[in-house]
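This briefing goes through selected features of one structure, topic by topic. Please keep the sequence and the model open while reading.

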Amino acid sequence: MIDARDIRKEYGGFVAVQGSSFSVDRGEVFGIIGPNGAGKTTTLKMLAGLLEPTSGSAEIAGLDTETAEMRQQLGFLPEESPLYEEMTPISYLKFFADLYDVDPDVAEERMHDTLDKLELEHRDRKLGDMSKGMKRKVAIARSLINDPDVLIYDEPASGLDPLTTNYVIEFTEQLAKEGKTIVFSAHNLFHVESICDRVVIMNEGEIVARGDLEELQAEYGHTRYHVYTTVDVPDAVQENGSYKRVVESMDAVEETRERAEANGGDVVDIRTEESSLEEVFLNVAEAGTRGTRYVEEDTE
Amino acid sequence: MQLDTLLRVAKWEMTKNAGGVDKRTIVVMALSLVAMGAVAAIAVSGGAGAGMDDGIYRIGVDESSPYYGVAADDSTFDIREPDPAAIERRQQELLYRGTQLQSVPRTAKERAALTELRDSTAQYNDRTLARDDNQTAAFPVSVTLVYEQQSGSSQLDPRSGDGSDGSGPSAGGSDASDGSGSSTGGSGDGSDTGGTGGSAASGGGDGGTAGGSGANLGAIGARLTGDVQGGTPSDISPPFPFESLVLAFLYIVPMNFVIQAYGSSMLSERLNRRGELLLVTPVSRGDIIGGKTLPYLAGAVGVAALITAALRFGNIAPAGSYVAVLAVVPLVVLFLSATFCGAMFARSFKELTFVTVTITVTLTSYAFVPAIFTDVTPIALISPLTLVVLDLTGQSVGLSSFVFSTVPPLLTGLVLFGLGAGLYREEDMFTQRPIPLKVLDALAGGINSRRSALKMSIVLLPLVIVAELAAIAFLFVLDSVSLNVFGTNQSLGIVLVLGVIVVIEELAKSLHVYAGYEHARYERTLRSALGVGALSGLGFFIGEKGLLIARLSDLESLPIGEAALQGATLPAGLPLWVAGLLFMLPLALHTVTAAISSVGASRGRRAYVAALTVAIVIHFAYNFTVVSTLV
Amino acid sequence: MRSLSREKTIVLALLIQLFVAGFSSFLVVGLTSLYDPSSVAAGEVEMAVTGDAREELEAAAAEQDGTSVTAFENEAAAQRAFDQRRVDAILRGEYVPSTRGPGEQIAVTAVVPEGSIRSTLIVVEVRRVLNALERQERLERTPYLDQPPVPLPDTVSASQYFGFTYTILIPLLLFLPPFISGSVAVDTVTEELERGTMELLRVAPVSLLDIIDGKALGMVLLAPAQALMWLALLSTNGIAVSNPAAILLFITAVTVVVVTLGVVLGITLQNRRPAQLLFSVLTLVLFGGAVILPEHPATTVAKLAVDSPTLLTYGHVGGAVLLAVAGYAAARLYIGRVAAESL
């Protein structure tokens with residue numbers, strides 16, 4: 001559905017995004033993750049046709065990102081959604097419906113439907129008088145006014161209170177279930193795990209890692225084993241009346257068992273702990289500073 | 001560009017703004033407009049009667065002196081008790097006993113006071129004598145003024161055929177326009193953006209004196225023709241369409257309000273990245289810009305049409321027609337395009353205010369100053385406002401004049417829209433850079449390859465033409481100031497015109513090259529620099545030759561016009577090889593000077609400025625030689 | 001950083017004013033020279049006089065500096081000279097029975113070239129000669145008049161632009177800074193509101209009123225500083241401006257009034273477009289409406305500058321100061337209330 005081929009963006013002498021390639025399948029939720037200044041927004045704007053790549057090209061549904069046809073199928077939500085403060089949500093959405101050439105009746109139904117789902121009241125209040133969360137909801141409704149197949153959301157949950165953040169994430173998840181292809185960026189990994197099918201991790205304009213969550217886990221994550229014993233073993237800490245030793249391989253688990261048995265004790269419990277995406281991310285960032293490693297991924 | 005999407009954007013631009021201005025504002029606005037009308041009405045009726053120069057000269061005179069009546073009738077004078085000591089203390093400027101001036105005017109103020117008194121006396125005499133029983137003795141001279149072609153004249157103005165009799169508003173009409181003259185003068189005084197205040201204030205001042213010197217001055221004097229009987233010498237007035245000019249000013253004033261609103265709207269798209277979302281819609285850039293501009297364009301032209309209709313049916317300028325409205329269109333385009341560029345360049349509303357004021361002043365002068373010379377010289381046709389004046393005074397406007405007058409500003413407007421549109425994209429719209437860098441960004445927007453240098457030189461040509469024509473009009477006055485420069489007997493005006501034109505042309509040829517280097521569009525090598533420069537010069541040459549349109553204006557008939565356009569036209573009667581050489585020389589010149597500044601541009605800012613200076617000097621020397629030897 | 005940007009603003013403001021002043025001066029100088037050939041060394045206007053009153057015409061022309069005349073007995077010869085451009089105009093004076101009553105008058109037919117750049121100059125010069133002729137003739141016919149005409153004072157060399165300088169140029173230069181200050185005040189207030197930075201400022205331990213005070217003060221100080229600079233510039237150009245202290249006080253008061261208007265409009269409308277528009281219109285109305293005052297503010301400045309102030313002039317200065325203080329106090333009350341409501 002989305003195909004980015006070696007897209008690169010330079011501003012003057014500064015390289016914002018080094019040649020990046022990735023593709024997103026229909027109905028997939030694709031996350032671009034990285035710290036501030038990693039080039040996420042630039043990448044998304046190139047996909048949305050807002051920025052012209054210095055080199056490389058991007059296509060959405062087989063259409064070049066510069067074309068009007070492509071834009072017609074796209075819903076874009078910028079990180080900060082500046083709205084026309086003097087308009088009301090209704091007039092604002094009608095304005096964009098008009099620009100997307102949506103039939104007025106269809107638009108009317110669609111906008112109220114979306115606003116209902118988003119639980120937005122006060123639809124005739126001026127946007128300038130609304131809270132940030134309400135404005136975000138209007139912005140999301142706007143990105144859906146043309147019933148696009150592809151959604152590009154830049155930090156959809158940034159700057160919102162936790163409640164609204166949850167809400168927005170859940171709504172995004174819902175959209176994915178309805179079959180929309182979604183690309184979004186985040187520097188906050190908290191929710192990404194729950195909704196992303198695949199992610200790329202960017203740092204300093206470069207994609208430093210990619211894959212689905214398991215793959216990343218395997219490459220950068222660690223599986224830790226918490227071995228609980230009845231007697232003290234080296235490197236163990238006392239916890240709830242038993243001793244716990246954290247090791248990173250099955251061999252070490254075996255070794256711990258042997259030691260415990262040697263001391264006349266036994267292993268009472270073994271728990272596995274998978275590292276979170278957050279940790280993966282930190283590891284990757286670390287790896288990035290040591291020298292980049294790639295997880296090879298066959299496109300499609 | 002698609003018309004229906006453009007119209008859709010336009011529709012929303014209008015409704016969005018209607019939402020932005022709430023009812024309270026509209027009420028206050030309406031009240032202010034009513035107040036403005038009231039102020040104008042007061043000014044017209046002379047109810048308040050306070051002139052700008054009230055009481056600036058103090059004259060010591062008592063009722064026994066005949067000058068008492070003179071001073072009492074002229075509010076410029078403040079009448080005091082005659083007191084020689086007050087003169088010494090510089091508290092009185094003039095001292096009269098009887099008909100004798102008792103003081104010796106020494107200071108500039110005292111001299112000015114005496115000169116003013118002399119003028120007032122002449123007017124006073126005309127007024128008192130008009131009541132005299134013996135009118136033959138009171139007005140012993142009657143004048144008939146006849147305008148006649150000096151045969152053999154080549155300075156045929158397209159409209160001169162009907163000039164002597166085909167014009168002149170009716171007596172009623174010009175009385176009414178006298179009235180509106182002072183009203184616009186009054187409202188212009190504090191004018192909206194400050195800039196226009198200057199011209200309006202001075203215009204208003206003139207209006208006052210004109211009105212004072214004789215109520216029907218305009219009617220008889222403007223075009224005293226053979227069959228008008230009984231004019232006195234004071235009734236003569238030079239061919240100067242004062243009323244029409246004031247009316248023409250009426251057309252300019254609303255534009256300044258329109259561009260203020262337009263600039264705000266455009267800049268607020270850039271604040272907080274508001275306009276980003278429009279850019280992701282399927283609507284094209286051109287449609288967005290066009291749609292957002294259309295309401296203002298239509299509004300401004302609509303106002304011009306309303307003014308024309310009001311003048312026509314209010315019998316103030318019964319000759320006003322669609323020609324006046326059409327002539328205003330390029331001006332509106334120019335105003336809007338300049339504001340559009342300004343809004344794309346400005347970083348904040350504050351900067352926009354400055355930009356808007358600059359635009360107002362520059363374009364108002366461009367439109368207004370040449371129009372002053374409407375009946376005097378074809379140079380006036382540089383400004384489309386001249387067409388408005390011609391149309392309002394009922395003179396016919398030839399197609400060639402219309403084209404000459406309207407095409408350059410129209411093209412300039414389009415070029416400016418093009419430059420601004422180059423910045424109407426994500427990358428440039430929301431960045432905050434100083435205005436000069438933004439200008440370079442805009443220029444660099446059109447550069448892709450080395451060949452772009454050629455294209456840019458041609459594209460910028462309308463700007464060059466308009467700037468040069470405006471310079472000619474401005475320096476036109478100075479043309480009469482003779483100045484012997486280097487023994488070549490060129491007038492100061494011609495020398496200045498040459499200088500200004502050379503600077504404009506060299507800048508136009510090299511600035512985009514510099515922008516290209518700054519944006520790393522060209523390689524910084526000597527070979528590339530020479531190539532780019534030569535292409536730029538070639539482009540300019542091609543464009544210039546394509547612009548023999550200037551001939552339409554009869555500009556060459558004036559020495560100053562000839563100087564400006566030299567190279568563009570060839571003197572007749574030269575041997576072919578000289579003509580060929582003269583044709584090729586400008587090409588060599590443009591190429592060489594452009595290459596010089598291009599080499600400078602490739603080595604950074606300082607080098608560019610230095611090289612540009614060298615190029616300007618060479619160009620000037622060339623032009624000066626050509627003008628001195630051939631003209 | 002802040003002071004730097006402030007300086008830039010001043011430079012921009014000054015440049016624009018210079019431009020405006022230059023433009024208006026140019027316009028006036030241009031117009032004046034168009035009317036008065038003697039102000040431009042354009043060479044003399046050559047006139048052919050013919051007809052039976054040519055001697056009178058010659059005598060009248062002799063008074064004029066810018067004119068030289070040649071008498072032609074033969075009208076056709078005069079016409080030829082005109083066609084060959086040896087003369088710029090023909091004056092044909094004939095004694096004819098008066099159309100205005102008994103007696104004779106001189107009927108002059110003046111032929112001037114059409115569509116020439118010099119037409120205006122020539123017409124002005126023709127008018128001068130004929131005015132002189134009229135005066136001459138009136139003098140001879142004084143016994144027939146009810147009342148003798150008032151003799152014209154002598155001509156002295158005086159600056160053409162004296163009146164213009166003091167009544168238009170100086171007021172224009174001095175009223176521009178207040179206008180620009182007010183306009184910029186609208187910009188700063190609405191920009192903060194539109195960008196939402198005002199909300200950030202509000203979090204800081206200063207009140208909205210303090211912020212507005214600060215902004216207004218900056219804008220108010222800018223204007224008299226510029227005015228002072230203009231006065232200095234004018235005096236280096238040999239244009240003496242009297243009563244600078246009173247002028248500066250007056251301009252400061254006017255600036256306070258205008259800036260107050262700008263700030264109040266900005267706070268009330270919160271949006272630049274309507275605020276700026278309304279500001280322009282209202283200042284225009286205020287400035288124009290000031291004609292109902294006994295003395296227009298521009299005249300007040302002119303009279304102070306040219307050193308012809310009267311009690312009325314000082315009254316206006318005092319009035320302006322009172323208005324400024326009262327206006328600003330009222331505006332503060334209003335802003336305080338708005339701030340209380342919105343917080």
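The points below cover strands, helices, loop residues and chain totals.

This is a predicted model, in which local features need pLDDT of at least 70 and side-chain atom pairs count only at pLDDT 80 or more, while totals for chains, interfaces and linings use all residues. Residues are numbered from 1 along each chain as its sequence is written, and chains are lettered from A and ligands numbered from 1 in the order in which they are written. Helices (H or I, at least four residues) and strands (E, at least two) are DSSP runs, numbered from the N terminus.

**Chain C overall**

- Chain C contains eleven helices and four strands.
- Of its 343 residues, 51% count as buried. A residue is buried if 20 or more other C-beta atoms lie within 10 Å of its own, exposed if 12 or fewer, and partly exposed in between, with C-beta atoms placed from the backbone.
- Among the contacts in chain C with a separation of 6 or more, 71% are between residues 24 or more positions apart. Two residues are in contact if their C-beta atoms, placed from the backbone, lie within 7 Å.

- An open sheet of five strands, with mixed pairing, runs in the order β5(B)-β4(C)-β3(C)-β1(C)-β2(C). Two strands pair if DSSP finds at least two bridges between them.
- The edges are β5 (141–148) of chain B and β2 of chain C; each has a single partner strand, so one side of each is left without a neighbour in the sheet.
- From one strand to the next, the twist averages 25°. Axes are lines fitted to C-alpha atoms, for helices over the stretch in contact, and angles run from 0 to 180 degrees between N-to-C directions.
- Across the chain boundary, β5(B) pairs in the parallel sense with strand β4 (residues 104–113) of chain C over eight bridges. Val141(B) has Ile106(C) in β4(C) as its bridge partner.

**Strand β1 of chain C and its neighbours**

- Strand β1 (residues 45–50) of chain C has five of its six residues buried, so it is largely enclosed by the rest of the structure.
- β1(C) is joined by five bridges to strand β2 (residues 67–71) of chain C, and the two run parallel. Met47(C) stands opposite Val69(C) in β2(C).
- The chain passes from β1(C) through helix α2 (residues 54–62) of chain C to β2(C), a right-handed β-α-β crossover. Right-handed here means that, with the strands pointing away from the viewer, the path from the first strand over the helix to the second runs clockwise.
- β1(C) also pairs in the parallel sense, over four bridges, with strand β3 (residues 89–97) of chain C. Leu91(C) in β3(C) is the bridge partner of Val49(C).

**Helices lying across the sheet**

- Helix α3 (residues 75–83) of chain C lies across β1, β3 and β4 of chain C, at about 165° to β1(C).
- Helix α4 (residues 119–140) of chain C lies across β5 of chain B together with β1, β2, β3 and β4 of chain C, at about 170° to β4(C).

**Strand β9 of chain A**

- Five of the six residues of strand β9 (residues 198–203) of chain A are buried.
- Strand β3 (residues 29–33) of chain A pairs with β9(A) in the parallel sense over four bridges, and Ile32(A) has Val200(A) as its bridge partner.
- Six bridges link β9(A) to strand β10 (residues 206–212) of chain A, in the antiparallel sense. Here Arg198(A) is partnered by Asp212(A) in β10(A).
- β9(A) and β10(A) form a hairpin with two residues between them, and Glu204(A) in the turn has a positive phi of about 50°.

**Helices of chain B**

- Helix α16 (residues 399–422) of chain B has 24 residues and should span 34 Å at 1.5 Å a residue; its end C-alpha atoms are 34 Å apart, which agrees. The expected span is 1.5 Å times one less than the number of residues.
- A kink of about 30° lies at Thr406(B) in α16(B), shortly before the proline Pro408(B). The bend at a residue is the angle between axes fitted to the seven residues ending there and the seven starting there.
- Val303(B) lies in helix α12 (residues 285–313) of chain B and counts as buried, with 20 C-beta neighbours inside 10 Å.

**Loop residues with positive phi**

- Glu119(A), in the loop between α4 (104–117) and α5 (132–143) of chain A, has a positive phi of about 55° although it is not a glycine. Glu119(A) counts as exposed, with 9 C-beta neighbours inside 10 Å.
- Asp307(C), in the loop between α10 (297–306) and α11 (311–342) of chain C, has a positive phi of about 70° and is not a glycine. Asp307(C) is partly exposed, with 18 other C-beta atoms within 10 Å.
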